[in-house]
Amino acid sequence: MASSSCNISPPIIPIFVFFLLVSSSFCPVRSSETGSLHAKNQTFRPEVELQKLKTIRELLNKINKPPIKSIQAILSYFAPLISPDGDIIDCVLLHHQQAFDHPRLKGQKPLDPPERPSGVNPNGMGGEDFQLWSMSGESCPEGTIPIRRTSEEDMLRASSVRRFGRKRPRRRVRRDSTSNGHEHAVGYVSGDQYYGAKASINVWTPRVSNQYEFSLSQMWVISGSFGDDLNTIEAGWQVSPELYGDNYPRFFTYWTTDAYQATGCYNLLCSGFVQTNNRIAIGAAISPTSSYNGGQFDISLLIWKDPKHGNWWLEFGSGVLVGYWPSFLFTHLRDHASMVQFGGEVVNSRAGGFHTSTEMGSGHFAGQGFGKASYFRNLQVVDWDNNLIPLSNLRVLADHPNCYDIQGGINRVWGNYFYYGGPGRNVKCP
């Protein structure tokens, strides 16, 4: 495959203790019950469609900053192929990213790298080439960051154009997830003050049954009363056909400071996360992935609070800084987190009245173990003195264990770990 780069302008156009609140229980869910909605939308109303297109163009102009270079792969001169995962990656000047549209950041420069937690041993900048777009052989120049271009099609798939890139809020927070269509298998710690977390997350390509469901594996750094003031910082991988238009597992981030209502977003789709790395595209597809009874691949993520400035930084692999969430975005998380959660989540829309067949993790239950079930390993937290320490009280919980389950353990090599996941619908999960 030959590769090329060119200047392409953006188109104008816990039941659960409390943790489920945090989870992505606020993402859009569609099911067969929404048929009436689709039926209503079949009536073409020119003025409504024109207004929608106008809104889309305005949002695209806000999200897609002018690139100095755009990256695509070409199979031949007659058959241009936008990167293997269907993306165009724009190289945008670092200080032009959308984060700097925020009033508190306008005119500022990205911060210098912070002091890493004690116990972290960065060994170089290797491991950045874990995404499909980088297979083109191209990269973004120093002083720029790679941003997955948002298309009109991306927005048209969204259940709400105005809430594009955001999770769906709920009017009332509950302690269980049985009524919101979101199901989980997680490990978590609470009851202390946490200043960060680290884990290695096994990457798979779980099957997602329809466009309005997703499957993700991530870690959450959480604080607040689990009401309207809930603060979260999130990172991991997800398969989300609605957000990305395909079934690739993609590296993602998220944040909110008001329980997913009006603040926060995925990736770089709003003013918030400040990216500093020029080789990792948040929202881009991950490669390689794991295979059943075959090779295993995981990604290591570290989130921690900079003791000097109070910002929350994200690190990938061994010493690769991705960027940071400025402390002023948050209320409770300006100080510390009160819970850290790791694990998997799916949306179950019960299309046709049956449990979804959307898979979590590898699509196999925890009891199948290594090479078959998905895992989280080397789970750690950051303490008040910026030390990375093992977990002392990990609890594991699955809200629908006949559909997706979890089994925890500890050993000298993996430290605290767990296997999790499942196939969804089966004889015991109708």
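Visitor: Which residue lies over the face of F354, and at what distance from the ring centre?

Guide: A charge is said to sit over a ring if NZ of Lys or CZ of Arg is within 6 Å of the ring centre and within 35 degrees of the ring normal. In this predicted model, R425 lies over the face of F354, at 4.0 Å from the ring centre, and K167 lies over the face of Y254, at 4.6 Å from the ring centre. Residues are numbered from 1 along each chain as its sequence is written, and side-chain values use heavy atoms, with hydrogens and water left out. Local features need pLDDT of at least 70, side-chain atom pairs count only at pLDDT 80 or more, and totals for chains, interfaces and linings use all residues.

Visitor: How many aromatic pairs does the structure hold?

Guide: A pair of aromatic rings is described by the distance of the centres and the angle of the planes. The structure holds 19 aromatic pairs (rings of Phe, Tyr and Trp, the last by its six-membered ring, with centres within 6.5 Å; planes under 30 degrees apart are stacked, over 60 edge-to-face, the rest tilted). Among them, F252 and Y266 are edge-to-face, 5.8 Å centre to centre with 65 degrees between the planes.

Visitor: Are F252 and Y266 buried or exposed?

Guide: Buried means under 20% relative accessible area, exposed over 50%, and partly exposed in between (1.4 Å probe, protein chains only). F252 is buried at 0%, and Y266 is buried at 4%. Y254 and Y260 form a tilted pair, 5.7 Å centre to centre with 35 degrees between the planes; Y254 is buried at 0% relative accessibility, and Y260 is buried at 0%.
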